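This report covers the chains of a complex, the contact between them and the confidence of the prediction. The sequence and structure come first.

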Amino acid sequence: MATAAERVSSSEREKLEAIWETAPGLLGTLGTVDHKVIGIRYIVTAFVFLLMGGVEALVMRVQLAQPNMHVLSPEQYNQLFSMHGVTMIFLYALPVLSGFSNYLWPLMLGSRDMAFPRLNALSYWIFLFSGLFIYASFAIGAAPNDGWFNYVPYASAEYNPGPNIDFYALGIIFVGISTTVGSANFVVTLLRTRAPGMSVNRLPIIVWGTMTGSVANLLAVPAVTLACAMLWLDRNYGTQFFDVKGGGQPLLWQHLFWNFGHPWVYVLVLPAMGIVSDALPTFCRRPLVGYTPVAIATVTTMVVGFGVWVHHMFATGIPVLALSFFSAASFIIAIPSAIAVFAWIATIWTGRPVWKVPLLYFAGFIVVFVIGGVSGVMTASVSLDWQLTDTYFVAAHLHYVLLGINVFPVLGGLHYWFPKMTGRMPDERLGRIGFWIIFVGFNLAFFPMHVSGLFGMPRRIYTYPAELGVGGLNLATSIGAFLFAGGILVYLTALLRGYRNGAPAGPNPWDAPTLEWSVPSPPPAYNFAIIPQIASRHPLWEDRLEDVEDRSRLDRGFLLDRGRETLGVTPLDAEPDVILKMPGDSLLPFLLALALSILFVALLVTALWVAAVAAALLLAILIAWLHPVERPLEERLRVDG
Amino acid sequence: MAEIRTLDETLPVQGTGRVGTAWWGMVCLIATEALLFAFFIFAFLYLGTQSAGDWPPGGPPALRLALPNTILLLASSVVLQWGLGGVESRRRGRWLGGLIATIVMGTAFVAVQALEWSNKPFGMGSNAYGSAYFSLTGLHMAHVAAGLIALTVILVWSLLGRFSPERHEHVSLAALYWHFVDVVWLTVFTTVYLVPRFT
């Protein structure tokens, strides 16, 4: 089959390149709307935050390596574990997945960009600035110190008078704006900008995962935004939402936080599970077993995920009937997860596995996920949870699920798509060594936490007495943590060496089935010279799979070369119904994020007149952004072939 | 080289409404905003049901101003929709009249609400009810204000002749947002003013 690139003349490709390429210099750097650039920026920035959160963890593990150590003061420890959690949950785990989806979606869906390219740039800039905003608290020695879920009353002004919690409350609202605009962009992109024929039953699973997570974000982020706004008002303007003395309810914080927090957990894992569902079959040389059940399980997990938030609050004294309901829901949610696990196992089992680095990570992920899933089912039981809550058992569980289901697929996925992003192969031998160090280090670090938790070691205490008898377990955890960190460095070295002098990748080095591998590596600015027409889930494996009768057409379709254009399709069946004009480079997203930063800094120091000026700036930028563009009415269809 | 040809069948360029993308973006914005109100109403009712004393402390708030104000706000949606017909049928007077009337009615709503606020014997910091009352109605007022700013910008663009019967996506989307702000007020009004009368 001739690829699109060969079918389109070089002059035509140069024309498209000129239309789509980012301007050189500062304007291009700050103004680019290319989803590939934004996606890579997302991944790199999230990895920097991962390393920062990792260093915070290592410092804590030095403190906890033996009983009665005094490397850290209790207040320093509080700030470190809080920032570790906030960093990993808010600044690494979702943004890194947004990076993958940003980079991959248009390439997988057969489009030239996301539905709202400028909104895409905006969501990145806000993510970066909100991360810097939260980290500025470190610079003045007043980082958030009440954990990542920031319970009142310890977070109220009475007990926590410094700016620490204000950084948290405003920072979470700030980063939530990035999440919200990013999610809206994913939803509309999925519904409208796909290649013809890319109907919902042919979407890659990562698209299902990110779509489900994005809808959940739109519905769940307002809860934490509201909670943080209430807390900020309580702390700075004397409202009484959480203050018992004025008739407020501390538990209201927990309800609102976990109404957001639990769906968020699935937002952090469903796209990562999608990475596995899409990339694992490549290394098993067969399509994913049970595509439809896995897609349905993805959505089901999210739906049930909205009904389990109280399982974080079993020990708060709420009525038994409520406990029973939420306990049952928490057991049920294991079912859709198990469906996905069986699908992956069956894919490996019935395939011909090729044990490259990504498959090692995906297989390791399955092992870790099952362990984390089992400890999750254990804590879903109310009576057991009452014994285990606020111990290291829960810390072990959450690290098994979050590192297991997020970090392992991300590491495997990045190794897998690295050749697409850079055009070069990562170092396979180093990658393999890195995996084994990471896998051993991970289990050495986190498995003993289950046991120290069962022995009664509480979370979030800066030290512990020798009589508790968990010194050896903690030493093992600390050694494992450093091993894990060393493995991450080896992993990154493997990528770096590939970037410097890896073998050229070519369009499809893994012989993978999905659309992103049909374009050169790295892809041209316009992605597809011709918008392809899709006839199956595996456009590049159609000649080999027996049950595929139709053939996708990658060399015939819409050319669209009169300015930045891509194709809009109907939401379900992906029938072309409009040619969409796309915006070019623009400084507006950067400026809007900058004005938002001024607004949040002003709110932090309660300089309301500065906040008012920033709001006026925001309005002016928005008016410029949304200004109606004069464009003649036209209708046309231009097809190459 | 491939031959390039144009087929007879055509597609619109940058369609409007559900064929474009802006409408879907607005739907996402409305969805997430609607959930913000839903969570706030949950918080309001939660504080009420968990409250030890009377909720609201001085009995249900009076309807004397709030009910007419509600009717005023809902009527503004009808007027705006009527005016919108003027854009489509190229009747400029009807459109500008409807738009200006909507802005006046929305501003009047804010003024009456401010009057009601100033009549309250309690403040935002008096107790949890005061906090919830002023923040929830204040959040809605902020949305009315945002809607009024949007409609005013639309008015300026209309006077500058930026819209035509075929191209007035901005107008339709601003109207959609305004309708949302009005409908969501019904839920806020029910929660704050009506529910305490029947519990």
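## Chain A

In this predicted model, 80% of the contacts in chain A between residues at least 6 apart in sequence join residues at least 24 apart. The secondary structure of chain A consists of 19 helices and 5 strands. Its radius of gyration is 25 Å, close to the 26 Å that the globule rule gives for 641 residues, so chain A is as compact as a globular protein of that length.

The C-alpha trace of chain A spans about 75 × 60 × 50 Å along its principal axes. Buried residues make up 57% of the 641 residues of chain A.

## Chain B

Chain B has 5 helices and 1 strand, and the order of these elements from the N terminus on is β-α-α-α-α-α. For contacts in chain B between residues at least 6 apart in sequence, the share that joins residues at least 24 apart is 77%.

The radius of gyration of chain B is 21 Å, whereas a compact globule of 199 residues would have one near 16 Å. Taken along the principal axes, the box filled by the C-alpha atoms of chain B is roughly 80 × 45 × 25 Å. Of the 199 residues in chain B, 33% count as buried.

## Contact between the chains

The contact involves 54 residues from chain A and 45 residues from chain B. On the side of chain A that touches chain B, at least two residues each come from the helices α7 (164-192), α8 (205-237), α9 (250-284) and α19 (608-626), and from the strands β4 (576-581) and β5 (635-640). The largest share of this side, 9 residues, is supplied by α8(A).

Sorted by class, the residues of chain A on the side that touches chain B are 30 nonpolar, 14 polar and 10 charged.

## Confidence

For the complex, the predictor gives an ipTM of 0.95 and a pTM of 0.95. Within chain B the pLDDT averages 92, and 95% of the residues score at least 70. Where the pLDDT of chain B is below 50, over residues 1-8, the stretch has 13 contacts in the model beyond near neighbours in sequence.

Conventions:
Residues are numbered from 1 along each chain as its sequence is written. Chains are lettered from A and ligands numbered from 1 in the order in which they are written. This is a predicted model: local features need pLDDT of at least 70, side-chain atom pairs count only at pLDDT 80 or more; totals for chains, interfaces and linings use all residues. Two residues are in contact if their C-beta atoms, placed from the backbone, lie within 7 Å. Helices (H or I, at least four residues) and strands (E, at least two) are DSSP runs, numbered from the N terminus. Ala, Val, Leu, Ile, Met, Phe, Trp, Tyr, Cys and Pro count as nonpolar, Asp, Glu, Lys and Arg as charged, and the others, Gly among them, as polar. pLDDT is the predictor's confidence in each residue, from 0 to 100. The radius of gyration is taken over C-alpha atoms; the globule rule is 2.2 Å times the number of residues to the power 0.38. A residue is buried if 20 or more other C-beta atoms lie within 10 Å of its own, exposed if 12 or fewer, and partly exposed in between; C-beta atoms are placed from the backbone.
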